[in-house]
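Work through the exercises below with the model open. Try each task before reading its solution.

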Amino acid sequence: MSVAGAAPPLCLTVAGSDSGGGAGIQADLKTMLALGVHGMSVVTAVTAQNSLGVKGAWELPAEAVTAQYRAVVDDIGVHAVKTGMLSSAVLVETVAELLAGTTAPAVVDPVGVSKHGDALLAASALDAVRQELLPRATVATPNLDEVAQLTGLAVETEDDMRRAADAVLGYGPRWALIKGGHLAAHGDEAVDLLSDGSRELWLRAPRHDNRHTHGTGCTLASAIAAGLAKGLDVPEAVTAAKEYVTGAIAAGFALGGGIGPVDHAW
Ligand code: PLP
């Protein structure tokens, strides 16, 4: 007699592979496992990467991205999607079109540049992110570098964070989560702002003096998607995700000779 368990909520990441296992698809799937949802993946690009940076990156053809997505969604289904590294304008447009055909909530992490300064998105793709992808997002999660890239705004204060949220919301996502982790003005706090234009939620967590933070952004966005897949609303999912990523950063560990990953299993 075969016995089937109950299926967990279904969560899909559309992102790049990090061979070092700390960010990208690998971080997303570890996060989803840790948070009790079934993780599935659409690989957009393969990076040769370690604790010292990205050594090489190869984008997949748009048809390979579409085929992976269709294979998953048409048979298994999906309760929430997360997007990360999309590499080029063609893949941004491809993924935006796929998202247009689903009612599942989408967390869009507009990945631009890695902590080591490696470009994960072509400059020529920024318009497609603004015009095609952000309008499909339930939540967009830019850090301050990505805010600058997308909106031209330099953020130094909490008022600037409000302006950044409004500017990002202007491109059409339902919610914007502005990640202020790099903001010097906050000293020993990592402060993020979640806004839908009328409601705002400030999320504050102690900033850990730990340089092993590789994969932080991917982990946060995936944790939000996991919460949405479980049926949480956006403020609940973001609050729970912030708590998870704060613990993962605190437990981040050294690997190789550079920046180690956050610990998904903390
Ligand atoms: N590699 C891949 C494939 C990613 O998707 C990302 C971030 O989204 C990174 C690297 C960068 O990670 P970090 O900036 O946390 O080092």
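The exercises cover the sheet, a crossover, a helix and the ligand shell of this predicted model.

**Exercise 1. Find the strand order of the sheet and name its edge strands.**

Solution. Start with the order: nine strands run β3-β2-β1-β4-β5-β6-β7-β8-β9. The sheet is open, and its pairing is mixed. Now look for strands that pair on one side only: these are β3 (53-59) and β9 (200-206).

**Exercise 2. Compare how β2 pairs with β1 and with β3.**

Solution. Take β1 and β2. They run parallel and share nine bridges. V14 faces V42 of β2. The chain gets from β1 to β2 by way of helix α1 (residues 24-34), in a right-handed β-α-β crossover. Next, take β2 and β3. Six bridges join them, in the antiparallel sense. Q49 has V54 in β3 as its bridge partner. Two residues separate these strands, which form a hairpin.

**Exercise 3. Which residues come nearest the ligand, and how do the shell residues divide by type?**

Solution. The ligand has 18 residues around it; G16, A23, G24, M85 and S114 come nearest. By type, the shell holds six nonpolar, 10 polar and two charged residues. By element, β1, β2 (38-50) and α7 each supply at least two shell residues.

Methods. Residues numbered from 1 in each chain as written. Predicted model: local features only at pLDDT ≥ 70, side-chain atom pairs only at ≥ 80, totals over all residues. Pairing = 2+ DSSP bridges. Helix = DSSP H or I, 4+ residues; strand = E, 2+ residues; numbered from the N terminus. Near = placed C-beta within 6 Å. Nonpolar A, V, L, I, M, F, W, Y, C, P; charged D, E, K, R; others polar. Right-handed = clockwise from strand over helix to strand, strands pointing away.
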